[in-house]
Amino acid sequence: MKNTQINVLKDITLDNPIFIEALPGIGHVGKLAADHMIDELGATKFAELYSPFFPPQVFVDEEGIIENMINEFYYLKSQGKNKRDFVILVGNAQGLSPEGQYEICEAILDFIKDYGVEEIYTLGGLAIGHPVGESRVFGAATNLELIEVLKEAEVEIRSADGGIVGASGLILGLGKLKNLDGVCLMGETPGYFIDAEAAESLLKKLAILLNIEINTDKLDERAEETRKMISKAHQMEQEILNRNMGSGEDDLRYIG
């Protein structure tokens with residue numbers, strides 16, 4: 001495989017869908033929230049993205065079955081009071097390099113535009129490095145009109161306080177160049193463990209903004225599944241680093 005490729009598993013037609021991105025990142029807040037949303041609302045997978053810019057590894061599950069590094073597209077039809085369609089992107093990896101991030105995000109945006117997407121929500125975590133009482137949700141957007149929408153939902157605006165690293169930021173930045181409006185929601189988290197409480201806070205704000213209902217009762221179960229996945233990933237990454245140190249090769253760093 002020389003380039004990022006997207007395999008369509010099911011031909012679908014969507015009506016002005018909203019796109020939601022939630023790939024692995026800080027505290028896995030966004031990924032945890034989107035995985036729960038997919039399960040709770042019964043979303044259907046319709047496409048898969050593979051890339052040579054993903055980490056050079058595979059997962060092995062509890063039964064010994066190999067799982068590829070992958071991003072997956074799901075869809076939902078006619079959800080909430082506004083009867084909107086959605087495309088949700090989740091996965092177990094982001095690109096390893098800046099070049100990889102740009103190629104993958106460009107491929108994602110070109111793909112979703114073909115389905116009529118004009119509105120984007122990216123989900124992630126905002127690490128503060130210490131324990132959190134009640135997790136707040138911060139937001140940023142591509143225009144002032146959306147900033148006002150966030151304020152109405154009592155999302156705290158993140159201003160002049162660093163960037164948004166990885167796909168959650170880059171998809172919005174590149175999307176803006178393609179005339180796509182978007183919002184990033186970030187759940188406040190210590191940043192050093194899988195944070196189900198931050199994911200719940202984020203989901204509640206997302207539900208308000210999208211005018212849908214999402215039950216969060218099973219988020220703790222989803223968090224435990226994610227912890228197992230991350231533990232395996234960290235173990236494999238450490239093995240790769242150890243081998244590279246022994247061979248003198250450049251080490252591999254994950255961009256979260």
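Colleague: Is E106 buried, partly exposed or exposed?
Modeller: Partly exposed, as the relative accessibility of E106 is 29%. Buried means under 20% relative accessible area, exposed means over 50%, and partly exposed is in between (1.4 Å probe, protein chains only). This is a predicted model, in which local features need pLDDT of at least 70 and side-chain atom pairs count only at pLDDT 80 or more, while totals for chains, interfaces and linings use all residues. Residues are numbered from 1 along each chain as its sequence is written, and side-chain values use heavy atoms, with hydrogens and water left out.

Colleague: Which residue forms a salt bridge with E106?
Modeller: K178, with 3.0 Å between the closest N and O atoms. That pair links distant parts of the chain, 72 residues apart: E106 is in helix 2, and K178 is in the loop between helix 4 (167–177) and strand 11 (181–189). Helices (H or I, at least four residues) and strands (E, at least two) are DSSP runs, numbered from the N terminus.

Colleague: How many salt bridges does the count come to?
Modeller: 11. The criterion is a side-chain nitrogen of Lys or Arg within 4 Å of a carboxyl oxygen of Asp or Glu.

Colleague: What are K45, E48 and E72 linked in?
Modeller: A network of salt bridges. K45 meets E48 at 2.8 Å, N to O, and K45 also bridges to E72, where the closest N and O atoms are 2.9 Å apart. K45 in strand 3 and E72 in strand 6 are 27 residues apart.

Colleague: Is E72 buried or exposed?
Modeller: Buried, at 18% relative accessible area. E48 is buried too, at 13%, whereas K45 is partly exposed at 26%.

Colleague: Changing topic: how many aromatic pairs are there?
Modeller: Rings of Phe, Tyr and Trp (its six-membered ring) pair if their centres lie within 6.5 Å; planes under 30 degrees apart are stacked, over 60 edge-to-face, and the rest tilted. That gives 6 aromatic pairs. One of them is F46 with F73, tilted, 6.2 Å centre to centre with 55° between the planes.

Colleague: Where do F46 and F73 lie?
Modeller: F46 is in strand 3 (residues 44–50) and F73 in strand 6 (residues 71–79), so the pair ties together parts 27 residues apart in sequence. Both are buried.

Colleague: And what sort of pair do F46 and Y115 form?
Modeller: Edge-to-face, 5.4 Å between centres and 70° between planes. Y115 is in the loop between helix 2 (98–113) and strand 8 (119–127), 69 residues from F46. Y115 is buried, as is F46.

Colleague: Which residues do the ring pairs link into a cluster?
Modeller: F46, F73, Y75, F111 and Y115.
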